[in-house]
Amino acid sequence: VEEPPPCGLCGAAAAPYTCPRCNRRLCSLGCYRGHGGCAEAFYREQVLQALESERDPPPGRDRLASAFRRLRQLGEAEDAAGPLGRDLWKSLSPAERAGFQRLLSSGEAATLLPAWRPWWWRRRRRPVEELGKPQAGEEEEAEDEEAAAGPPPLLPAVVTPLSSLRAPPPSPLLPFQLPNVLFGYAFALSLHSGDETLLPELPAAVLDVSAALRGRRAFASAAEALHAARYDVAVAGYPRCPLGDAGTVLAVVQILEGREGRTDGEDVAVALLHLERLFRKGESHLPKEERRRFGNARRKCRYLLAWSREAPEALAALAEAARVVHAGVAREAAALREEAERGCGGP
């Protein structure tokens, strides 16, 4: 019988478990907890099961179930881990299960999850009326939260001018490809908790979500481009990413607007160059006959990078349009949440 491959986290000789989200081989529950964002869904499932066991079925169950399904698609409700969580739970001893339940009831389970913040993440500022002397420990907490954001990829030292590229002049619809590409980039990075060793899965997820990178798909507006990417996530059958639906649209807004102190379009250039490098790395993990789609996507990123450095005013307009889309998705989630809470009689 062939021995299973070594553990993808600690290198143990035998790793009988496989994470269905990232396909990493794992040897134990400890390595599963430590291998990234996939562990979070397991904890959520157990919390939901504990809550459901204490609550009678609410009235209008079918209607509530429909609302919760839609909330999960929007990334605004807790989701279940699927078969991995159930298989791991069955593999635990009674003592391990009891210990895990204690972690849940005390709230310590959350401390076991590795924090990951995307490089474009910006700490939310409190409204002016809330500003004042911070409470004890508040400043330290804010600093820790800021430090949790990952370091940004490097900005390209030199960007090839658009006129130097062997490509046709940009179409009037070219700007609307950018939000679609950035949605795929933010979704894939968040889905895999920024783990760039997941190749070719991470760049492949970008292609599955971004029709602009897969082929010659044209969009007539930023809203159409973003909603097309949201639709492709559902069609591809991916689990929701930690950012959620509204959060991924907000990520597009943040990249287009740029962080404080950055010049116009600088964060867009960082994202596109990072994405180009991911496709380049992913190519080496594919059979020769399958590398073409990664190569085409990489060249599109290079073209969009050259264009974006020469069109800062277009990026501002795209950011404003993306904010409108984000507001609509957030309103939809809020309405569904309100309906679900009315039916459940609580949050």
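Contact here means heavy atoms within 4.5 Å.

**Figure 1. Contact between helices α7 and α12 in the predicted model.** On the α7 side (residues 177-191), the contact is made by Leu 178, Val 181, Leu 182, Tyr 185 and Leu 189. Their partners in α12 are Val 268, Ala 271, Leu 272, His 274 and Leu 275. Sorted by class, this contact holds 9 nonpolar residues and 1 polar residue, with no charged residues. An α-helix has 3.6 residues a turn, so residues three or four places apart point the same way.

**Figure 2. Packing geometry of α7 against α12.** The two helices pack at an angle of about 65°. Their axes are 11 Å apart. The crossing of α7 with α12 is left-handed.

Figure 3. Gln 177 has a relative accessible area of 19%; the cut-off for a buried residue is under 20%, so Gln 177 counts as buried. Apart from neighbours within four places in sequence, Gln 177 contacts Ala 212, Arg 217 and Phe 219.

**Figure 4. Helix α12 (residues 266-283) along its length.**

**Figure 5. Packing geometry of α12 against α13 (residues 292-308).** The angle between α12 and α13 is about 165°, and their axes lie 9 Å apart. That angle makes α12 roughly antiparallel to α13, because angles over 145 degrees are counted in that class. The crossing of α12 and α13 is left-handed.

**Figure 6. Residues in the contact of α12 with α13.** From α12, the contact includes Val 268, Ala 269, Leu 272, Leu 273, Leu 275, Glu 276, Phe 279, Arg 280, Gly 282 and Glu 283. These meet Phe 294, Gly 295, Ala 297, Arg 298, Cys 301, Arg 302, Leu 304, Leu 305 and Ser 308 of α13. The residues of this contact comprise 11 nonpolar, 3 polar and 5 charged. Val 268, Leu 272 and Leu 275 of α12 take part in the contact with α13 and also meet residues of α7.

**Figure 7. The whole chain, for orientation.** The chain contains 14 helices and 2 strands. Of its 347 residues, 43% are buried. Among contacts between residues at least 6 apart in sequence, 71% join residues at least 24 apart.

How values were computed. Residues are numbered from 1 along each chain as its sequence is written. This is a predicted model: local features need pLDDT of at least 70, side-chain atom pairs count only at pLDDT 80 or more; totals for chains, interfaces and linings use all residues. Side-chain values use heavy atoms; hydrogens and water are left out. Axes are lines fitted to C-alpha atoms, for helices over the stretch in contact, and angles run from 0 to 180 degrees between N-to-C directions. Helices (H or I, at least four residues) and strands (E, at least two) are DSSP runs, numbered from the N terminus. Angles under 35 degrees count as roughly parallel, over 145 as roughly antiparallel, 65 to 115 as roughly perpendicular and the rest as oblique. A crossing is left-handed if the near helix is turned anticlockwise from the far one by less than a right angle, and right-handed if clockwise. Ala, Val, Leu, Ile, Met, Phe, Trp, Tyr, Cys and Pro count as nonpolar, Asp, Glu, Lys and Arg as charged, and the others, Gly among them, as polar. Buried means under 20% relative accessible area, exposed over 50%, partly exposed in between (1.4 Å probe, protein chains only).
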